[in-house]
Each structure stands twice: as structure tokens, then as C-alpha cells.
2 protein chains.
Amino acid sequence: MIEDLVDRLRLVRSPGIGPVTYRQLIARFGTPDAALAAVPDLARRGGGKVPALRSRDDAEREIAKVEKLGAKWLALGQGLYPRLLAELEDAPPLLIVKGDLKLLDKQAVAIVGARNASAAACRFARGLAHDLGQNDLAVVSGLARGIDSAAHDGALETGTVGVVAGGVDVFYPPENERRQKALYERGLVIAEMPPGTEPRARHFPYRNRIIAGMASGTVVVEAAPRSGSLITARLAAEAGREVLAVPGSPLDPRAQGCNQLIRDGATLIQDAAEVVEALRPMQSLVRSEPTPYEPFEHMNGDDALNVVEELLGPSPVPVDEIIRLSGASAGAVQMALLELDLAGRLERHAGNKVSLVSA
Amino acid sequence: MIEDLVDRLRLVRSPGIGPVTYRQLIARFGTPDAALAAVPDLARRGGGKVPALRSRDDAEREIAKVEKLGAKWLALGQGLYPRLLAELEDAPPLLIVKGDLKLLDKQAVAIVGARNASAAACRFARGLAHDLGQNDLAVVSGLARGIDSAAHDGALETGTVGVVAGGVDVFYPPENERRQKALYERGLVIAEMPPGTEPRARHFPYRNRIIAGMASGTVVVEAAPRSGSLITARLAAEAGREVLAVPGSPLDPRAQGCNQLIRDGATLIQDAAEVVEALRPMQSLVRSEPTPYEPFEHMNGDDALNVVEELLGPSPVPVDEIIRLSGASAGAVQMALLELDLAGRLERHAGNKVSLVSA
């Protein structure tokens, strides 16, 4: 997998190759290394300068940095990469994730809203996140001040995913350092940018598409007109996801954004039960087969081994579940399990369950 | 017209003849007196007892009482009877009205809500009614405490219609006496029940259908679940009218009714502009030709004379407008105007306008 990852990362980090171009290159050339090799010719034939492709050294340095942080990579169309996110035309080709990867298998709901929301709205968001967690939903938000923080706090026990605009190791706003570290341990933090990236204004809409794209639906709690939360809601609607909004009195100016969303067709919601009801029809999509955007035959033995290793932990898990979660063929998973077994790293349990031998 | 009215009233006030039966009788027999004459035979053929038809004396006494109160009659399908209300299957065959009849020619919007609404909601309703009045809409409500009273107050300058559950001369709740009297002078009060009727619980749903039926749309401001306001909203929806609701925070229990209405498909509105926008498509219906439920050839010369007289006042009005408002043919109106002219009671003005000579 490492070679494949280096190639992917070189593509992703090369100037001029955005997520859509990346997807088109892979669709055309089949594999990242073939795409990399083709880029200079393509650019020449198009009459442009040959783009300065990111060097192998740079990519390897970033991969080493991610490993040192204890973070992992998720590649579009492979393994645990979020199924719904993969449906976006501009889905991130690579994600850097740190925390509990099993959260990626839950149906997710985004909760977003104003950074300067009222105390009442923050309390509402926290309660809503808690209740949604009790309903087996993973709560996704942006680790920002206000509603985002309240949503993460409410769902900390049951599972919450923070998508950051900068690097996975950068705390923004700084006072959220403790919250983000809690998510490393008990939740999950996702970043698209390289480690160490300080978030800039232009990063936030990209971050927002990941939030909206991962989730079956986005709940907006108290958002100002023309705010980032409304952008997230628009992205969710464009992706065919549910947009849900918490209403407020017309006498409360902070309710304007949500009330307008409802006028524009968002579902008014008042509690977790109404959110769950709205998202139920999408439940099956989350656990469906991986989307066919990227051909899966490209998952070679190393890929499968890596994915299976990521899925395993000290607690026994059914092999069937590993196969389903991995997105790889049953044969490839069985081969990877055999390799781990021969290496003395796998333990087999009753009921066709397996676990990793603790180090 | 008086004979016709006596017959209508005898039918309407007879036990067992509700609005739907009334409409079917008129559709079958053409005129109220033919319907009255047919009722005993019909009942006999149906195998029932002959119903105790209301006596001519009783009807004449009620008519005298209404006249003494300075109130008027409106008959379904005739003259100024509200066009939209006439569309209801169970439209009241007769209405007793006191006040400014010209308000019946305006597009109407109902504002309803809780009797024990919050001060903020009452202030909102008053402001909304004021702004809707500025947009040339007549504001209809139920002269109850809370939201109703606030709506009437807000639209007092521009035109407001109070529909009461009891008699046109009965003040309920008692503290609304001054408000109701203000509507006699500067607005309009509508009743379906005979003068002197104290409102009972069963009267309120009938009252609510008139409010919903007259209006192009019903705005609900702060209503409890299972409240009368929600019944009015349901009646409005069933009549194909707009249902509009003012949202509130899920943390505010008084907002539950409106939020649920919005979830059920009502339009969320935050201000008068949004109400006006929602009702604009129905504007033309208000000023359209009378509904064809009741054959208009039954408006004889006396009817037309009476209607034209009601439409005239000391200020000059275009004859075209009299024709349009009367629902009678141009010929019948011209004949009525000639009769008034010959009687020395009509004044003709430039621009084909007419007025009544002041007594």
C-alpha cells in the first residue's frame, strides 16, 4: 500500500490537481502511478507547462509525519473511506484520520451552527447530539466554537467525528485543544490538509463539504444568514442529503438563517426523534457496498493487509464484519488474516471472530 | 328581498337543516320558498317525522332584531357574501354582519393563535396585522383574547373583521366589548348565530370555519397542540387555502403547535412580506365572479335593489364597481339605480359615479 499511497499523495499535493481532476485521472488511467506518469504528456498535449509534480521525497516525509502523529490514511474508494463522502464529485482523494476508525461505519449526522450561538442554542445542540448518539448515530461537526463544540461534547460518549480545516494536529481555535485531543482518544478527527497546516479562510468550505458529505443529513442550529453553516447546508442539499433546521422566533435575529432554510425546504426539527425519522430512509446507504467510482481490483494484497490491520483491535470481531468493512474481497481478507496469523499477530476466537495480539 | 330572506331564515333556523342540507335543498328546488314547501313531503317520503320548521313569525322577529341592531344580512351566493367563504361545502347560508361592508371586497388574511399567548407573540401578531393592513389585506380573526385581540388592534386603522361564535350583539369575552364596538364602527363583525346567542363550546368550530373560509390564508401565531387555532388551520388547509405559521424555538413549549404545522407542510413566515408573497397567487380569486353554487337568476329586482342600496353611501362610487361587487347583472344594477334615482335617493357624479343622497 505504501507505494500506492505515495503515488496518490504526490497527485493530491501537486498544484493544479484538485479532487475532481484526481478522480478523472484515476478513471482514465486506472492507477495512481499510471496517472502520475501520464500527467506530463497530458499537460504537454494540452499545450501547458508540465506541472511541478510533488516529489516522492515530499510525499514520503508527509507519510512519515502522519505515522508519527499516530494518524492513518483513508483513500477514496478503499476500505473505511466514508461511503457517502465518496459520492461527492469532489470527494477528497485522501483523508488523514486520528482516533476510532470504527465510527466510520456508523450512520453519521452533522450538527453545525453559529460560533457565537446563544447559550440556549448550545445547550440544545448538546442535548440533541447526546440523544442522536443514543440512537446509534455518529455526530459529525467542525470542532469550531459554539454549536460545533456543544455537538461534540454531547456525543463524546457515543461517538463524534471532528473535521478540521487545517492539519489533523493543529488546534483551531486554540481553546479547543483539549476537545480535539479527547476526540483522538474517544472520537475521530479528520483532516484533508497536510499535518501542520494552519487553517485559512479558504480551507473552511472544503472542510464543510466533508462534514456535509459524510453525513446522511445536516442539522443546522442557529445560523446567521450567509454563514458557513448555511454553506454546509447547501452542500448537503446538493449532495442529496437531508437538510434539517431548528426553528426560532422571528423576534430572535439569530433564528433567521434556520427559518430561511426551512422556508427553502429544509425539514423543521425539534428533537432527536424527528432527526432520526428523517434520516431513517438513508440508513441502508451507509452500510451499502462501496461506491463504484474507483475500481476495487486495485486493492492488492498489501492494501487489504493494511486495511484489515486497521480494522482489527484487541476485541474479537467477526470475520464477516471485517470483510464488509474492508471493501476488499473475502479472498483478499482471508489472505491478509493468514499473513497476520503466520506472523503471530492474529488471535482466532469462537464464532469466526478474530482479534490482534496486543503488542 | 324580505320574503326571500324570511324563507331562507326559516330553513336555516329549522332543526335538522344544516348548511350542507340547505345547499342541497336550494340546488334541488331552486328557491328557498320551493325548498320550504318541499321539506314536509321529503321528510315523509324519507319515512321521518315532518320537521318542525321555524315559523314565519320567529323569522320575522329575528329579522326585526337584526335591523334594530343596525346589522345586515348576507345570503350565500348573493351580493357581498364573501366569495371564498361561499366555496365551502358547509358555507353558512346566512350571515349577520355589522360594520363596514366594503371590507368584504378586500383580500382577507386570518390571524389566529392562543388566548394565553406570550406578550412577545401578541406584540408580533399586532405588528404583523398592522403590516398586512398596509398591504391592503383585511385581517380576520375571532375576537378572542390573546392573539385574536392583538391582530384586530394592529389592523384597526386599515380594516379588520371579527367573526364571533355567538350573536353579533354578544360580547365574549366580556372585556372585548370595547374592541367589538370599535369593529362595528371601523371594522366589521360577523355572526352566524341569531342575535343574543351566548357562545357555547360547540359554536367555536363553526366560527373557525368562517374565519378560515373567508381568508386566502390563515396565519397561526403561537398555538398549543390540539388547540382551536390548529382546527382553524386544518379547516383552511381543507379548503385549499394557505396555512402559514410563525416558528419558535423548540425550547419554547408554546411554539410546538406552530412548529408541528410547519412540519406538516404549513409555510414558515417571519413577517408580512412573506405572508403577502404566499397569498399573492390567490388575489384574483377574491375579486373573481361569484361562485356558481347558487343560481344567480334568483336575484330578482328587489334583491338587486337591496344589494345596490347596501353598497351605496354618501361617497361617490363607480357604477362598474357596484356591478362587480353586487354580483348582479349590469342590467339589474342599472334598473336598481334608476329606481333609486326616481325615488330621489340617488346622486350621479362625473365619471359614471353614484352616491346615496344623505337622509
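## A loop with a cis proline

A:Pro173 sits in the loop between S5 and H7 of chain A; helices (H or I, at least four residues) and strands (E, at least two) are DSSP runs, numbered from the N terminus. Its bond to A:Tyr172 is a cis peptide bond, with omega about -5°. Over in chain B, a cis peptide bond likewise joins B:Tyr172 and B:Pro173, where omega is about -5°. There, B:Pro173 belongs to the loop between strand S5 (160–164) and helix H8 (177–186) of chain B.

Before going on, please note that this is a predicted model, in which local features need pLDDT of at least 70, side-chain atom pairs count only at pLDDT 80 or more, and totals for chains, interfaces and linings use all residues. Residues are numbered from 1 along each chain as its sequence is written, chains are lettered from A and ligands numbered from 1 in the order in which they are written, and side-chain values use heavy atoms, with hydrogens and water left out.

## Rings and backbone

Over all chains, the count is four aromatic pairs (rings of Phe, Tyr and Trp, the last by its six-membered ring, with centres within 6.5 Å; planes under 30 degrees apart are stacked, over 60 edge-to-face and the rest tilted). The rings of A:Phe171 and A:Tyr184 have centres 6.4 Å apart and planes at 50°, so this pair is tilted. The pair links distant parts of the chain, 13 residues apart: A:Phe171 is in the loop between strand S5 (160–164) and helix H7 (177–186) of chain A, and A:Tyr184 is in helix H7 of chain A.

Another backbone detail to look at is B:Leu143, whose phi is near 55°, a positive value in a residue other than glycine. B:Leu143 lies in the loop between strand S4 (138–141) and helix H7 (147–154) of chain B.

## How the two chains are related

Chain A superposes on chain B by a rotation of 180° with 0.1 Å of shift along its axis, at an RMSD of 0.1 Å (least squares on the C-alpha atoms of residues with pLDDT of at least 70 in both). The two copies are thus related as by a two-fold rotation axis. A:Gly248 is the residue of chain A that comes closest to the rotation axis, its C-alpha lying at 2.1 Å. Both copies use the same surface, as 100% of the contact residues of chain A recur in chain B.

## The interface

In all, 20 residues of chain A are in contact with 20 residues of chain B, contact meaning heavy atoms within 4.5 Å. The two chains bury about 1500 Å² between them, 63% of it on carbon and sulfur atoms (accessible area, 1.4 Å probe, lost on being put together and summed over both). On the chain A side, A:Pro250, A:Arg263 and A:Gln270 lose the most area to chain B, together 39% of what that side buries.

The interface of chain A and chain B holds four salt bridges (a side-chain nitrogen of Lys or Arg within 4 Å of a carboxyl oxygen of Asp or Glu). A salt bridge joins the side chains of A:Glu274 and B:Arg263, at 3.3 Å from N to O. Among the elements of chain A that each supply at least two residues to the side touching chain B are helix H5 (119–134) and helix H11 (272–279). H10(A) gives the most to that side, with five residues.

## Salt bridges overall

Over all chains, the count comes to 40 salt bridges. In one of them, A:Arg61 pairs with A:Asp58, the closest N and O atoms being 2.7 Å apart. Both residues lie in helix H4 (residues 56–68) of chain A, three residues apart, about one turn of the helix.
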